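Subject: Structure for you to look at

Hi there,

Here is the structure I promised to pass on. Please have a look at it first, and then read on for what I found.

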Number of protein chains: 2
Amino acid sequence: MLTQNQIKQIRSLQQKKFRTELNQFVAEGPKLIEELIDSKYTFDCVYAKKEWIDNHSEKLLDKKISSIEINNKELDRISGLVSPNSALAVLKIPEENINMEIFGKELILVLDNIKDPGNMGTIIRTADWFGINHIICSESTVDAYNPKVVQATMGSIARVNIHYTDLEKLFSEISKKTSIYGTFTDGVNIHDVEADSKGVIVIGNESNGISTEFQSFIHKRISIPLFKTNDKKRPESLNASVATAIICYEFRKIK
Amino acid sequence: MLTQNQIKQIRSLQQKKFRTELNQFVAEGPKLIEELIDSKYTFDCVYAKKEWIDNHSEKLLDKKISSIEINNKELDRISGLVSPNSALAVLKIPEENINMEIFGKELILVLDNIKDPGNMGTIIRTADWFGINHIICSESTVDAYNPKVVQATMGSIARVNIHYTDLEKLFSEISKKTSIYGTFTDGVNIHDVEADSKGVIVIGNESNGISTEFQSFIHKRISIPLFKTNDKKRPESLNASVATAIICYEFRKIK
C-alpha cells in the first residue's frame with residue numbers, strides 16, 4: 001500500500017525540476033526495467049504487480065534491488081503512461097563525467113539543442129544499434145531522463161552514456177584531437193564522405209540546425225542529399241533522428 | 001465568433017470516428033497550411049487570427065478558400081496542440097484510388113500495421129525527401145489524417161499520396177509486376193542489396209515486424225546490420241521510421 005506522499009513523489013519525477021531535486025528518474029514496463037537491471041544504473045525501488053515481483057524475485061535479490069508490491073489502481077496513479085504495464089522503477093540519475101580520452105578514439109554523437117523527447121529517445125536507441133557509447137548534449141538539449149525519452153530509447157538508455165556540458169568549452173578542447181562533422185543543408189554529400197570510426201558527429205536543433213556560435217568548430221560540413229524530382233515543392237529537411245540514423249549508418253559502414 | 005457547435009465539430013476531428021463520418025481532417029500552423037494550400041487538397045475552411053488572414057488574403061481568394069477570423073481564446077478551444085499557432089485548417093480527406101500502373105515503375109512504400117502516429121508522420125516526411133510518391137497502408141495502420149500524423153509530416157502530407165487497402169489482395173496482384181522487399185532480422189545486409197528504383201519496400205509493425213501471412217509475398221528479405229561490439233547486451237531493433245529512412249536512403253543512391 002503506497003502512501004499519498006509516495007505517490008506524489010513518484011509522480012513528481014515526470015517533471016525535470018523534481019528529477020533534479022531528487023536526483024531520480026522513472027522507467028516503466030517490464031522490458032525497459034529488465035534492461036536497466038542488467039546495467040550500471042542504481043535502483044531506488046521497483047513498484048510492481050505481484051506477478052512481476054514473483055517472476056523477478058531472484059534477480060532483485062541478487063542485485064539487491066528493493067521492490068514494493070502494488071495493485072492496478074496504485075500503478076495507474078504513479079504511472080505517466082496511458083496504459084501502464086506491470087512495473088515502474090525509480091532509479092538514480094548517474095553522475096556522468098566525460099573522459100576526455102574518448103575523443104579521437106571512438107565515434108561520438110554531440111547533440112546541440114535537440115528539443116523533442118521522441119527524437120532524443122530514438123537517437124539514443126539508434127546510437128546503441130550503431131555501437132556508439134557516448135552522446136554529449138548541450139545544456140539546452142531535452143533531459144535524457146524525461147520519461148518520454150526513457151521510454152522511446154526502448155532500453156538503450158541502459159547502455160549509452162549521456163553527458164550534458166558546455167559545448168563551446170568542449171569543442172575548444174577537442175578540436176585538435178578529433179574530426180568534427182556537422183550536418184548542414186549545403187555540406188558535402190554524405191555518400192562521398194569517407195566514413196570515420198573515431199570522429200564526432202554534431203546534430204543540430206530540429207528547426208534551426210547547428211547553433212551559429214558552434215559552426216566555426218565544424219571541420220567537415222556534411223549533408224544528406226534530397227532526391228531530385230521534377231516537383232516544384234519539396235521538403236526542407238529530414239526529421240533530426242532520421243538524419244542522425246542515416247549518418248550513423250554511413251559512418252559505421254567501414255568494416 | 002464561433003458557435004459552440006462549430007467548436008464541437010472541429011474538435012471532434014481529433015477522433016478517427018468523426019473524421020470518417022465527416023470526411024474531414026485538421027491541419028495546424030502556418031507552415032503546414034501553406035504547404036496544403038499549394039497541394040491537391042480541398043479546404044473546407046481556415047480558422048485563423050487576423051494577422052494570418054491579412055497576410056494570406058490574396059492566396060485564399062485565388063484558391064477560393066474560405067476563412068473565418070478567430071481570436072486566441074477560440075484558437076485554443078479548437079486546437080489539438082499544446083501551443084496553438086495562428087491558424088487551423090479543416091480539409092477534405094481525399095479519395096485515393098490506387099493506380100495499378102505505378103507498380104514496376106516507381107519506388108513504393110507499403111506499411112503493414114504501423115501503429116505510432118509519430119512514426120507514421122516521420123515515414124511520410126522521409127518518403128517525400130526521397131521522392132517516393134505513394135505509401136500504401138494496411139487497413140490496420142494508424143490513420144494518416146490523425147492530427148499527430150499530419151503535424152509530424154511537417155507538410156509532406158501535401159505531396160505524398162497515402163492509400164489504405166487490403167494488403168493480401170494487393171500483394172497477390174503485384175507480385176509478378178515488381179520486386180517486393182521486406183525488412184527482417186535475418187535478411188540480406190542492406191549494404192549488399194542492389195538498389196532498385198522500381199520496387200516495393202514493405203515495413204512491418206513496430207513490435208512484430210511483417211505479418212506472418214504476408215511473408216510469402218516478399219521476394220527479398222533485407223536487414224540493417226547491427227554494428228558489432230563486444231558488449232553482451234544489445235538492442236533488438238531500430239525504430240520503424242529510422243529503419244525506413246535508412247532503407248530509402250540506400251534504395252535512392254542510384255543515380
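Helix 9 of chain A and helix 9 of chain B cross in a right-handed sense. Please keep in mind that this is a predicted model. The angle between these two helices is about 55 degrees, and their axes lie 9 Å apart. Angles of 65 to 115 degrees would count as roughly perpendicular and those under 35 degrees as roughly parallel, so helix 9 of chain A and helix 9 of chain B are oblique to each other.

Which residues make this contact? From helix 9 of chain A come Ser241(A), Val242(A), Ala245(A), Ile246(A) and Tyr249(A), and from helix 9 of chain B come Ser241(B), Val242(B), Ala245(B), Ile246(B) and Tyr249(B). Sorted by class, the contact between these helices has 8 nonpolar and 2 polar residues, with no charged ones.

**The wider contact between the chains**

**Helix 3 of chain B**

I also looked at helix 3 of chain B, which spans residues 30-37. Its residues Leu32(B), Ile33(B), Glu35(B) and Leu36(B) are buried. Viewed down the axis of helix 3 of chain B, the buried residues fall within an arc of 160 degrees, so they line one face of the helix. What covers them? The cover includes strand 1 (24-28), strand 2 (43-48), strand 4 (87-92) and helix 7 (147-152), which belong to chain B.

**Chain A as a whole**

Finally, some overall figures for chain A. Its secondary structure comprises 9 helices and 10 strands. Along the principal axes, the C-alpha atoms of chain A fill a box of roughly 60 × 45 × 35 Å. Chain A has 255 residues, and 44% of them are buried. Taking the contacts in chain A between residues at least 6 apart in sequence, 78% join residues at least 24 apart.

Enjoy exploring it, and do write back with any thoughts.

Best wishes

Note on methods. Residues numbered from 1 in each chain as written. Chains lettered and ligands numbered in written order. Predicted model: local features only at pLDDT ≥ 70, side-chain atom pairs only at ≥ 80, totals over all residues. Buried ≥ 20, exposed ≤ 12 C-beta atoms within 10 Å, placed from the backbone. Helix = DSSP H or I, 4+ residues; strand = E, 2+ residues; numbered from the N terminus. Arc of directions from axis to C-beta. Contact = placed C-beta atoms within 7 Å. Axes fitted to C-alpha atoms, helices over the stretch in contact; angles between N-to-C directions. Parallel < 35°, antiparallel > 145°, perpendicular 65-115°, else oblique. Left-handed = near helix turned anticlockwise from the far one by under 90°. Nonpolar A, V, L, I, M, F, W, Y, C, P; charged D, E, K, R; others polar.
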